[in-house]
Amino acid sequence: MNHSICGLNCTECYCFGDYCSGCNNLQGKPPHFKESGCPLYNCCTEKSHEHCGKCTDFPCQKYYDLRDPNQTDEQHQDGIKKRVECLRNPSK
């Protein structure tokens, strides 16, 4: 599976490859999150969920707050929509 637990397709991320091997491989600590790790990954694993889509609060405020500063509002919302769809309908 190329998707992280938050539904992001790691192979579509600009960091993936030489810079990052994906959130699942790095246990939620990709280079851009440094030591603290990804808040979505941390939350999901603390709740012992397989992925964020298993959470009753999904999508939570963390999804809306965690944003790539290089994205427009529209791109950010579209990204959330794709990730939610991915986790709610994993067979697609």
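Predicted model: local features only at pLDDT ≥ 70, side-chain atom pairs only at ≥ 80, totals over all residues.
In soluble globular proteins, nonpolar side chains tend to be buried together. In this model the largest nonpolar core comprises 14 residues. Those with the most contacts inside this core are Cys-6, Cys-38, Leu-40, Cys-52, Phe-58, Tyr-63 and Leu-87. Two helices, H1 (39-46) and H3 (73-88), each contribute at least two residues to the core.

Once its neighbours within four places in sequence are set aside, Cys-52 is in contact with Ile-5, Cys-6, Leu-40, Cys-44, Phe-58, Tyr-63 and Leu-87. One of these partners, Phe-58, also takes part in a cis peptide bond, which joins Phe-58 to Pro-59 with an omega of about -10 degrees. Pro-59 itself is located in the loop between H1 and helix H2 (61-65).

The loop between H1 and H2 also holds Ser-48. The phi of Ser-48 is positive, near 60 degrees, although the residue is one other than glycine. Is Ser-48 buried or exposed? With a relative accessible area of 65%, Ser-48 is exposed, because the threshold for that class is over 50%.

A positive phi also occurs at Gln-27, where the value is about 50 degrees and the residue is again not a glycine. Gln-27 belongs to the segment before H1. Its relative accessibility is 58%, and Gln-27 therefore counts as exposed.

Technical notes
Residues numbered from 1 in each chain as written. Heavy atoms only, no water. Core = buried A, V, L, I, M, F, W, Y, C linked by side-chain atoms within 4.5 Å. Buried < 20%, exposed > 50% of the residue type's maximum accessible area, 1.4 Å probe, protein only. Helix = DSSP H or I, 4+ residues; strand = E, 2+ residues; numbered from the N terminus. Contact = heavy atoms within 4.5 Å.
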